[in-house]
Amino acid sequence: MLSPVLRFFVVEDHILHTTQGLVNRAYLDELWEMALSKTIAALRTHSSYCSDPSLVLDLKNLIVLFADTLQGYGFPVNQLFDMLLEIQDQYSETLLKKWSGVFRNILDSDNYSPIPVSNEELYKKVVGQFPFQDAELEKQPFPKKFPFSEFVPKVYNQIKEFIYACLKFSEDLHLSSTEVDDMIRKSTNLLLTRTLSNCLQTVIKRRNVGLTELVQIIINTTHLEKSCKFLEEFITNITNVLPETVHTTKLYGTTTFKDARHAAEEEIYTNLNQKIDQFLQLADYDWMALEPGSRASDYLVDLIGFLRSTFAVFTHLPGEVDAHSTMSGKVAQTACMSACKHLSTSLLQLLLEAEVRQLTLGALQQFNLDVEECEQFARSGPVPGFQGDTLQLAFIDLRQLLDLFIQWDWSTYLADYGQPTCKYLRVNPTTALVLLEKMRDTSRKNNVFAQFRKNERDKQKLIDTVAKQLRGLINSHHS
């Protein structure tokens, strides 16, 4: 398409300069202007159908050759170079599409396990692919493992390949170093904040993604975030534009990796809570039991076993030894606290749900054995780094409520209510009343001749009195 136009104007220019009267400059300029507008329109249409970045690059090289040649003959070609900047946006979009597939393949084929190395040569190969230094890991004997999985060096190197691909388009466009730097950084930011971010989010939200994979993603994105400064240096070395230069665009990679990490953390908490809910669906309490069993309920023993093995995953990660300060350690603490709080809240809901219309002291004592099992788990330090009894405090509301009912310590509760030093500070009077009503119904219906037994009548009176006082507390609090 361009060759005939080029030949025509080269010939016309030759005629202009070697003959007299056949062609004049004004005629040739008018002709060029008309040809140029039609050529640009055709090129725009043609480029819009290109989905392969290599084809867009070939087209760009042809246009540059065409423009430079005609400029040498004195024809104005600024419009062509302006159009090339438009095509650059098109090129950037085709690159982003291509790299979306590249990233998807990398993430889909990853095993989400730390990279094992058996000798110095393999160790140096990984370090050569990804900027990583760890004095502790270097000292360890072989075989050893890097903390991150294969997708870290692969993604890092593909970001560099993308930067090279961006640079190819800027060649021969007569752009300043600052303009090239700006173009590369803006395209790389789109790659990080849109393309890579979407790929990471898709992996995190996948149905079959497991806890170990999510933990590995958190570790991987932490290392990729740290590598962003090396990508900044990489661009600087290519363009020779210092990052301190005014108007230099910053890379937003840290945001992408932080967002992915937070999404993975949220997914861990959600997954854990869903697992807890599945175990709780197996709960089968006999709310009318006269006596408790000899041990915690089977479903709860299994649930605690699941939580123990789950949090063991966090504490056996290579390169993440110090659970007090590492990313996985912090996530483990938050996940463990979140799981305990969710379990505590869910157990309380079991006790208070409307379907449980009656319950006995025996049932409450069995429930208490289950809560003690939860507290024992919290005391055992399933995750390092918690101060004192911090984790046990997740069950404090349940503990105080159960103590109040099992010890039948209403005089203390009512006397101290509202005081900061109150023994049952975490017991809400509304919650206490709901539970008391369930026990009152049991007491009435289970004792046909209760009116003839003085101690039962006294108990009923006491429950009525306590219920009345609780209502008084509730009303005064609301007013």
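Two rings of Phe, Tyr or Trp count as a pair if their centres lie within 6.5 Å. Keep that in mind as you click through this predicted model.

Start by selecting Tyr 123, Phe 130, Phe 132, Phe 142, Phe 146, Phe 148 and Tyr 156: together they make one aromatic cluster. Across the whole structure, a search turns up 22 aromatic pairs.

Now zoom in on Tyr 123 and Phe 146. Their rings are stacked, 4.9 Å centre to centre with 20° between the planes. This pair links distant parts of the chain, 23 residues apart: Tyr 123 belongs to helix α5 (residues 120–129), while Phe 146 is in the loop between β2 (144–145) and α7 (151–170). Tyr 123 has 6% relative accessibility, so it counts as buried. Phe 146 counts as buried too, at 0%.

Phe 132 sits in the loop between α5 and α6 (135–139), so its pairing with Phe 146 ties together parts 14 residues apart in sequence. At 9% relative accessibility, Phe 132 is buried as well.

Next, show Lys 144. Its charged end sits over the ring of Tyr 123, 4.7 Å from the centre. Lys 144 also lies over the face of Phe 142, at 4.4 Å from that ring's centre.

Last stop: helix α11, residues 298–314. Colour Tyr 299, Leu 300, Leu 303, Ile 304, Leu 307, Thr 310, Phe 311 and Phe 314, which are buried. They cover an arc of only 130° around the axis, which puts them on the same side of α11.

Conventions: Residues are numbered from 1 along each chain as its sequence is written. This is a predicted model: local features need pLDDT of at least 70, side-chain atom pairs count only at pLDDT 80 or more; totals for chains, interfaces and linings use all residues. Side-chain values use heavy atoms; hydrogens and water are left out. Helices (H or I, at least four residues) and strands (E, at least two) are DSSP runs, numbered from the N terminus. The expected span of a helix is 1.5 Å times one less than its number of residues. Buried means under 20% relative accessible area, exposed over 50%, partly exposed in between (1.4 Å probe, protein chains only). The arc is that of the directions from the helix axis to the C-beta atoms. Rings of Phe, Tyr and Trp (its six-membered ring) pair if their centres lie within 6.5 Å; planes under 30 degrees apart count as stacked, over 60 as edge-to-face and the rest as tilted. A charge sits over a ring if NZ of Lys or CZ of Arg is within 6 Å of the ring centre and within 35 degrees of the ring normal.
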